[in-house]
Amino acid sequence: MKRTTFLLLLILCVSSTILHAQEKSKIQQNAEVAEKSGQVANARSNYIRAFQDYAAKGSIQQSVECGVKATALYYKESLYKEAFELLRNIDQTIYSVKLSDSQRASLRYLTTKERMQMYIKLRKNASALDQLETMEKQAKASGSDELYNDLLYNKAIYYYTFGQNAQGNAVFKEMASKLTAQKEYNKVDEVYQTLIANGRKSNNANMVAQSYNSYVAWKDSVNELKVADITAQLNQKISQHEETIASKDDSLASQKAIIFGLLLLVGILAAVLAVGAIVLVRYIFLTSKQKAIIKNMKANNELKVKFINNISAQLNPTLQKLNTEQPEVKALLHFTNHIEQLSQLENSVDEVVETEELNIQPFCEELAEQIRKQLKPNVQFTVNVPKTNVRINREYVTHILQHLLSNAVYFTQEDGHIRLEFKKRGAHSHQFIVQNTGIVIPEEKREDIFKPFLEIRDLTEGDGLGLPICKQMALKMNGDITVDPEFTKGTRFILSLHD
């Protein structure tokens, strides 16, 4: 059934037993086919049968809709007596079932509108007006904006038909203003076109003239609104692109600092990275297309990973030939490995990680055994993990928990306490919790500890990339790592995951 703007869909809040949505019955489909082919009597007969069949099944909305269509096909052939009789039967059907006041008003609105249209066709002004006033009461009782818009349309038809042009213009202006305010320009245009077509079809010259004049005036005014809307949308997109560019610039600045720091350590590669950074910045400022910028930056990120991997591949063999027990050499090896690992994680953050189902208790006990060997004297290590199966990425979770537990061992003094827990938080969410009685991380630094390269430090005292790497792994698993702000006797890290 072709949807038009002036015939708005009725939205009814109905009970599942009475107004349950169904597919069109075979009888209704036959009626629609006959109507399209011009077989009016056949279509009308099938619509009446569909009306009766739906009513018997309790599908009251579909029943009323089919009955109304049959009514329209009656008075199309000037069979007004039969049409009025059928509308009475439809009203009786509506009152025979249990409905709320708003539901009953919505359905009665359909039958009342058919009566009004017949009285308009019969040129009975007073009778049509009575029905129009009843429609207004029913539209208000239904609480439906759609019915109120339909009411405005039918008021306009009534006023234009009986030569009340001023009232018709006022009503139609109200309807067009509402749709225009909602930026439904195409719907307003369709309403005007439909009103003009209906006027021509019914040979109502006055309705055609008034509709066309209103349409021309509206068309002129809405063109300015469209231009303003398009301009606002373009300005918004430009602003969004500028914000994206600025964000990417900030990200690139941080990444360049990382690369420059590494090049200071390896010396010989500094010039290569400097040239690459200059070319990258120059490209960003020269290009005018945001899409091209993002695509190029993604490609450069991939090249950066390959470049860092190449540095690591060349640097590691050389460092391995040195005395790896020297703190500086060992620190540089760890640093290059961390840089490579962090870059790969950042570049593949959107890739899906594989998971497997594990029994969490033996998994955590195995980690605990490795950590117990590192404990300071009189430090207690408690594991509170139930026997349960969950889906996790073993590699990433192992790496994160080992790092968190190693940090806990390092910062927990003698006679302290370390605890590893696992808790289910929902059907598909769970948490690993690592807490210790070591130092308390200040509130202002709880977010910064997960960010790489915030400060320059002696690599022999750690490169500060352990927690940022853990953070990236958690994000790749659709999870996160946070510091519990409510724990004040030390530090508590929470690894939240979703399977």
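Buried means under 20% relative accessible area, exposed means over 50%, and partly exposed lies in between (1.4 Å probe, protein chains only). The model is predicted: local features need pLDDT of at least 70, side-chain atom pairs count only at pLDDT 80 or more, and totals for chains, interfaces and linings use all residues. Residues are numbered from 1 along each chain as its sequence is written, and side-chain values use heavy atoms, with hydrogens and water left out.

**View 1. Asp-484 pairs with Arg-492 in a salt bridge.** A salt bridge is a side-chain nitrogen of Lys or Arg within 4 Å of a carboxyl oxygen of Asp or Glu. Here the closest N and O atoms are 2.9 Å apart. Asp-484 has a relative accessible area of 12%, so this residue is buried. By this rule the count comes to 15 salt bridges.

**View 2. Arg-44 and Glu-77 join their side chains in a salt bridge.** The N to O distance is 3.1 Å. Arg-44 lies in helix α2 (residues 40–57), and Glu-77 lies in the loop between α3 (60–76) and α4 (80–95), so the pair ties together parts that are 33 residues apart in sequence. Helices (H or I, at least four residues) and strands (E, at least two) are DSSP runs, numbered from the N terminus. Is Arg-44 buried or exposed? Arg-44 counts as buried, at 10% relative accessibility. Glu-77 is partly exposed, at 39%.

View 3. Glu-85 is partly exposed, with a relative accessible area of 38%. Arg-88 is partly exposed too, at 41%.

**View 4. Lys-24, Glu-32 and Lys-69 are linked by salt bridges.** Together they make a network.

**View 5. Arg-446 is buried but has no salt bridge.** This residue sits in the loop between β5 (429–436) and α16 (466–476). Lys and Arg count as positive, Asp and Glu as negative; His and the chain ends are not counted. Which side chain of opposite charge is nearest to Arg-446? It is Glu-443, 5.0 Å away. A polar atom of the Arg-446 side chain lies 3.2 Å from the backbone oxygen of Ile-441. Leaving out residues up to four places away in sequence, Arg-446 touches Ile-441, Val-483 and Pro-485. Contact means heavy atoms within 4.5 Å.

**View 6. Ile-230, Leu-234 and Ile-238 make a nonpolar surface patch.** Its area is about 280 Å². Accessible areas come from the Shrake-Rupley method with a 1.4 Å probe; for residues, only the protein chains shown count as cover. Patches are made of residues with over 30% relative accessible area and no salt bridge: like charges are joined within 9 Å, and nonpolar side chains (Val, Leu, Ile, Met, Phe, Trp, Tyr) within 5 Å. Ile-230 belongs to helix α10 (residues 205–266). With a relative accessible area of 49%, Ile-230 is partly exposed.

**View 7. Asn-378 and Asp-415 each have a positive phi.** Most residues other than glycine have a negative phi. Asn-378 is not a glycine, yet its phi is about 65°. Asn-378 lies in the loop between α14 (360–372) and β2 (380–384), and is exposed at 57%. Asp-415 is not a glycine either, and its phi is about 65°. Asp-415 lies in the loop between α15 (394–411) and β4 (417–426), and is exposed at 58%.

Conventions. A polar contact is a pair of N or O atoms within 3.5 Å; within protein, one must be able to donate a hydrogen and the other to accept it, and residues adjacent in sequence count only if both atoms are side-chain atoms.
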